[in-house]
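Let us walk through this model step by step. Keep the sequence and the 3D view side by side.

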Amino acid sequence: MMVMAVVNLKGGSSKTTSSAFLAHALAERGGGDVLLVDADPQGSAARWASLAEWELPVIELAHRDLHRRLPGIVGDRYSTIVIDTPPMEDHRGIVISAMRAAGVVAVTLAPTMIELDRLPPVWSALDEVAAVREAPPAVAALLTRTVPRAASTGVVRDVVVSGGHRVLDAMVPRRESYAQAYGAPVVVGPHYRAVAEELLTLGAAA
Ligand SMILES: Nc1ncnc2c1ncn2[C@@H]1O[C@H](COP(=O)(O)OP(=O)(O)OP(=O)(O)O)[C@@H](O)[C@H]1O
Ligand SMILES: [Mg+2]
């Protein structure tokens with residue numbers, strides 16, 4: 001079983017959108033059952049699932065001991081679990097717990113200086129988690145809401161990489177279809193398909 005957590009310090013950094021599309025991309029890819037865990041007390045992912053009547057199963061588990069509870073709740077029914085988390089600045093305990101449960105952590109951000117500036121607390125939290133785990137999770141930044149040909153995308157990628165962190169090759173452009181996706185059935189395109197493949201590869205190598 002592979003567990004992927006989608007995290008960031010701030011709200012509105014496309015965690016829920018990415019979790020939803022990633023989980024659906026993994027499910028469409030086949031090779032086992034996929035579960036989305038909504039660890040945000042706001043319950044946006046669970047609400048989206050019920051509004052759109054997803055076939056993909058979603059459970060709500062917004063707890064600071066998620067990493068202890070999850071194995072007992074899911075058993076061995078799922079091949080892959082995606083955890084949507086709340087903003088770390090509001091619910092640090094829950095996000096740390098999701099990081100402790102995960103084999104792969106995706107840190108979503110738009111390629112802007114302001115979002116770049118908010119990454120250090122996330123790296124610190126991941127260092128904390130790595131210190132208490134035998135096998136720390138594989139970690140990668142996921143650039144979302146990118147704009148075609150914007151120089152900032154390359155700049156932000158280089159800064160993250162030069163800080164010693166991984167950035168996925170796959171990126172998700174800013175699109176109206178993603179902005180309006182909430183509450184509707186999820187139609188997976190090439191972007192999140194590529195994100196899913198890369199995260200699976202990272203997880204397998206970790
Ligand atoms: N690729 C994209 N293109 C355009 N808009 C996007 C994209 N990804 C996300 N959005 C929009 O950005 C906003 C924030 O996204 P989302 O709700 O997924 O973030 P979040 O990190 O889960 O927020 P919160 O911390 O409040 O749960 C939403 O309005 C969403 O539709
Ligand atoms: Mg959210």
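Strands here are DSSP runs of E with at least two residues, numbered from the N terminus. The model is a predicted one. Start with strand β6, residues 138–146, where Arg-145 is found. Arg-145 is not a glycine, yet its phi is positive, about 55°. Its relative accessibility is 24%, so Arg-145 counts as partly exposed.

Glu-53 also has a positive phi, of about 50°, and is not a glycine. Look for Glu-53 in the loop between α2 (44–52) and β3 (58–60). Is Glu-53 buried or exposed? Glu-53 counts as exposed because its relative accessibility is 69%.

Now turn to two helices. Helix α4 covers residues 92–101, and helix α6 covers residues 120–131. Their axes come within 10 Å and cross at roughly 55°. That angle is why α4 is oblique to α6. The crossing is right-handed. Which residues meet there? From α4 come Arg-92, Ile-96, Met-99 and Arg-100. From α6 come Val-122, Ala-125, Leu-126, Glu-128 and Val-129. By class, this contact has six nonpolar, three charged and no polar residues.

Next, the nonpolar cores. In soluble globular proteins, nonpolar side chains tend to be buried together. The largest nonpolar core here has 38 residues. Leu-70, Ile-81, Ile-83, Met-99 and Val-107 touch the most other members. Helix α4 gives the most to this core, with six residues.

Not counting residues up to four places away in sequence, Met-99 touches Val-7, Met-88, Val-122, Ala-125, Leu-126, Val-129, Arg-133 and Pro-137. A second, separate core has 36 residues, including Met-4, Leu-26, Leu-56 and Leu-168.

Note on methods
Residues numbered from 1 in each chain as written. Chains lettered and ligands numbered in written order. Predicted model: local features only at pLDDT ≥ 70, side-chain atom pairs only at ≥ 80, totals over all residues. Heavy atoms only, no water. Axes fitted to C-alpha atoms, helices over the stretch in contact; angles between N-to-C directions. Helix = DSSP H or I, 4+ residues; strand = E, 2+ residues; numbered from the N terminus. Parallel < 35°, antiparallel > 145°, perpendicular 65-115°, else oblique. Left-handed = near helix turned anticlockwise from the far one by under 90°. Contact = heavy atoms within 4.5 Å. Nonpolar A, V, L, I, M, F, W, Y, C, P; charged D, E, K, R; others polar. Core = buried A, V, L, I, M, F, W, Y, C linked by side-chain atoms within 4.5 Å. Buried < 20%, exposed > 50% of the residue type's maximum accessible area, 1.4 Å probe, protein only.
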